[in-house]
Amino acid sequence: MSEMTVCFTMHGIGVSGGIAIGQAHLFAGMSAEANHYEITAADVQREQRRYDRAVKEVRDELKDLTESVRHSASAELAPFVKVHSLLLDDAAFSEAPREIIREQHCNAEWALRVQLDELMAQFSDIEDPYLREREDDVRQVAERVLGALAGTQRRTMKPVKEDASILVARDLSPADVILFREHPFAAFVTDLGGATSHTAIVARSMNIPAIVALHHSRTMIHEDELIIVDGTQGVVIVNPDRHVLAEYRLKQNQARLERDKLKRLKSAPASTLDGTPIQLQANIELPSDVEPVRASGATGIGLFRSEFLFMNRRDLPSEDEQYEAYRDVVEGMKGLPVTIRTLDIGADKPLDGEGYVAVNPALGLRAIRYCLAEPQVFNTQLRAILRASRHGKVLILIPMLTTYHELQQAIAAVDLAKEQLKDEGVKFDDYVPVGGMIEVPAAAIALPMFIRKLDFLSIGTNDLIQYTLAIDRADDRVAHLYDPLHPAVLNLLAGVIRTAQQHEKPVAVCGEMAGDVELTRMLLGFGLRNFSMHPAHLLSVKQRVLTTSIPDIAPIVARILRTDEPDKMQALIEKLNA
Ligand code: PEP
Ligand code: MG
């Protein structure tokens, strides 16, 4: 460390856990700054053509990117790149700046800057966090066009000296993240972005530490400075002294050893010390996620969030397109069960082009409510899922069930799709189990009403917590109140598991609680035998299962359910994991 360096710490939102230590590499993205100069009336058309050329260049670049990711390990990024292409084709980008050049006799960069300011002003009136994240996409597209106007490639990433470089950026678009495949970064940190941003989703799927919302990292951190990224705590330490560095190197090594040790558990059957077998399944968003699922040793897919096939596009996927996607997953799992959740659109996952923004989207026309309001969309999906069922073991999962009529209508819709396929002579598995997500408190409380008509249950704790505590799970201003250990949540959870067992119906947890190793023993104590989680968490949860004796933990778990004081609750959880 030179005499001039100063050690300091920055805090943001950790969106992907783990520790990385390395030299900062400042991402040379274009800033959306532009100089202004006047042009003569005679030069207007030439300037407009210059603008058109830049747009075309970016369009071609995005097309190449779409092609290069479509069949790659990063296929999940393709829809995000497509959003940028769609934005670029919108009149807001393709036409409006040309008009500004004509009206104001200004250079193309300035016209784009004026248009961007106009678009940003419109975004500032939007409250929906998901829509607001689209603001980042708009800015990223504008920056690409500015880059093309400047005649420079946006991708000015210098070769990385060692794989311990840490990318520091104002913001990263999913298209930027694709470059990670060629440049093995150890982590990334950004000034913008939220926990639900595309960048956060991609970071988690890449399994490298990442922190967003640091606000000033791009200006405060200098190229090649040594930094520590603690993605679990959401902390960046810049120019650490040798004691701090030694401490984090130790933590990093311990984590590495742990991970290597865990890999050996991949094919070990998951059962507790007292011999109780436990199912550990995986959650996926897109067919390309099957590979990490198989590498994790999961015994099936407990949650396929099918709505990701419907997002970031203006049209709906056809029956054939959906069938192929579901079939790919089912065949990829080679006979292991695949639970396909029907479309959970709405709330923070609206369809593109959906003009109407609900007052309270999470309480609006979401999931099964949407599907029953759009029977054709639902029918197309159910037919595609049923057609895929002949290639392996498929289960259908209905999200957000709240009323008896929804349950009846959902089951009738499955029966209708089956009848249609039979009439058409199309083969499918007639015994596809139909299960329901228990994620609305009403369903958890009035469970017997649902259980009788369902083949299995899956508890969506992410929403069950959101709806029980009235905390918007996507709003960072109330994130500190989102508490999986609230006694109301725990009692609902334990009650659902108990009632399911009494009715001899299989029950799983597929929300984030299932992948939280600190909660594994508590859930086992509640009677849970089926967990579904992100594949990256599966082996550490398996290790916890292998070292748990259910009879031994029973008394502590009983006390947890009787406790209503947060401090005592925390102490009991610690005791459980000691
Ligand atoms: C849940 O709500 O816990 C769940 C698994 O579904 P999602 O996170 O997709 O809403
Ligand atoms: Mg949910």
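**Helix packing and ligand surroundings in the predicted model**

The axes of helix 18 (residues 461-469) and helix 19 (residues 487-502) come within 10 Å and cross at roughly 130°. The crossing in which helix 18 passes helix 19 is right-handed. On the side of helix 18, the contact is formed by Thr461, Leu464, Ile465, Thr468 and Leu469, and on the side of helix 19 by Ala488, Val489, Leu492 and Leu493. Sorted by class, the residues in this contact of helix 18 with helix 19 comprise seven nonpolar and two polar residues, with no charged residues. These descriptions, like those that follow, refer to a predicted model.

A second pair consists of helix 14 (residues 375-388) and helix 15 (residues 404-423), whose axes approach within 9 Å and cross at roughly 60°. Helix 14 and helix 15 are therefore oblique to each other. Helix 14 likewise passes helix 15 in a right-handed crossing. Helix 14 contributes Phe378, Asn379, Leu382, Arg383, Leu386 and Arg387 to the contact, where they meet Ala410, Ala413, Val414, Leu416, Ala417, Lys418, Gln420 and Leu421 of helix 15. By class, nine nonpolar, two polar and three charged residues make up the contact of helix 14 with helix 15.

The contact of helix 10 with helix 21 has two nonpolar, two polar and two charged residues.

The surroundings of ligand 1 were also examined. Around ligand 1 there are 15 residues, of which Arg305, Arg341, Gly460, Asn462 and Arg473 come nearest. For Arg305, an N or O atom of the side chain lies 2.7 Å from an oxygen atom of ligand 1. In the case of Glu439, the distance between a side-chain N or O atom and an oxygen atom of ligand 1 is 3.0 Å. For Arg366, a side-chain N or O atom is 3.3 Å from an oxygen atom of ligand 1. Asn462, among the residues that come nearest to ligand 1, falls within the span of helix 18, residues 461-469.

Terms used. Residues are numbered from 1 along each chain as its sequence is written. Chains are lettered from A and ligands numbered from 1 in the order in which they are written. This is a predicted model: local features need pLDDT of at least 70, side-chain atom pairs count only at pLDDT 80 or more; totals for chains, interfaces and linings use all residues. Side-chain values use heavy atoms; hydrogens and water are left out. Axes are lines fitted to C-alpha atoms, for helices over the stretch in contact, and angles run from 0 to 180 degrees between N-to-C directions. Helices (H or I, at least four residues) and strands (E, at least two) are DSSP runs, numbered from the N terminus. Angles under 35 degrees count as roughly parallel, over 145 as roughly antiparallel, 65 to 115 as roughly perpendicular and the rest as oblique. A crossing is left-handed if the near helix is turned anticlockwise from the far one by less than a right angle, and right-handed if clockwise. Contact means heavy atoms within 4.5 Å. Ala, Val, Leu, Ile, Met, Phe, Trp, Tyr, Cys and Pro count as nonpolar, Asp, Glu, Lys and Arg as charged, and the others, Gly among them, as polar. A residue is near a molecule or strand if one of its heavy atoms lies within 4 Å of it. A polar contact is a pair of N or O atoms within 3.5 Å; within protein, one must be able to donate a hydrogen and the other to accept it, and residues adjacent in sequence count only if both atoms are side-chain atoms.
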